[in-house]
Amino acid sequence: MADSLLATRIRHARYLGAAREVALPDGSWDLLFVRKSGGPWTVIQTGQIAAPVEVHSDAGDEMLTIALRPEVYMPRLPGRLTLNQGVLRPVEGDRRFWIEGERFEIPDFENAEQLVAALTRKGLLERDPVVALALRGARQRLDERSVQRHFADVTGLGLKAFQQIERAHEAAGLLRAGQTPSQVAAALGFTDQAHLTHSLKRILGQTPGRMAKAAG
């Protein structure tokens, strides 16, 4: 986990065999550093996603993921331009890459937050106060329509979509804790159990029954 105000988590993995993982919408966007079977590094900036995405890895692959909070963005490439996309960043030599004309060292797990700090010092990462307040449900000087438009521009997703993602993860947690789908639907304000099922399938790729069964 990351303690940074900008990064929500940092993950490093080396794969001993073929693996199929599913990246789920969680409100963050990522900087990915991927090396296939000891080959050259690839650096990818991913935008927000609104549905599950399969990620396939092979034996010998290595991946470092820096997940950035939703209120953090790149002013020169805001979220509206990266939704459901990955942007390749140029790599130089063995351990260096470029973002917007600035060169940085490809990090390891131990110094990944130093890269986040360096990007911030260069003005390539910023924390948006309007998005941060909206996520907390706090009052703002802007009217609701302006907040919604600003939120979508910075993150790529609307505030309602973020709230749906957050509620889906909360529902999954309750199901895994032993609550029934009908109990979860009632507790979290879903219209009915069918609404809960549709939401979890769309956002997390699983039905409530499957989640409950996996927990049991």
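Start by selecting Phe-33 and Phe-97: both are buried, meaning under 20% relative accessible area with a 1.4 Å probe and protein chains only, where over 50% would be exposed and anything in between partly exposed. Before going on, note that this is a predicted model, in which local features need pLDDT of at least 70, side-chain atom pairs count only at pLDDT 80 or more, and totals for chains, interfaces and linings use all residues. Residues are numbered from 1 along each chain as its sequence is written, and side-chain values use heavy atoms, with hydrogens and water left out.

**The rings**

Keep Phe-33 and Phe-97 on screen. Rings of Phe, Tyr and Trp (its six-membered ring) pair if their centres lie within 6.5 Å; planes under 30 degrees apart count as stacked, over 60 as edge-to-face and the rest as tilted. Colour the strands next: Phe-33 sits in strand β3 and Phe-97 in strand β10 (residues 96-99), 64 residues apart, so the pair links distant parts of the chain. Strands (E, at least two residues) and helices (H or I, at least four) are DSSP runs, numbered from the N terminus.

Phe-97 and Phe-104 form a tilted pair, with 5.9 Å between centres and 35° between planes.

Then jump to Phe-190: Arg-167 lies over its face, 3.9 Å from the ring centre. The rule here asks for NZ of Lys or CZ of Arg within 6 Å of the ring centre and within 35 degrees of the ring normal.

**The largest pocket**

Select Ala-23, Asp-30, Leu-32, Thr-46 and Val-55, the closest to the centre of the largest pocket among its 31 lining residues. About 750 Å³ of space lies there. A pocket is an open set of points on a 1 Å grid over the protein atoms alone, where a 1.4 Å probe fits, with protein on both sides within 12 Å along at least five of seven lines; lining residues have an atom within 4 Å of a point. The volume is the space filled by probe spheres set on the points. Show β5 (53-57), which gives the largest share of this lining, five residues.

**The second largest pocket**

Finish with Asp-26, Pro-70, Leu-135, Phe-162 and Glu-166, the closest to the centre of the second largest pocket, out of 17 lining residues. This pocket holds about 320 Å³ of space. Highlight α4 (159-176), which gives the most to the lining, six residues.
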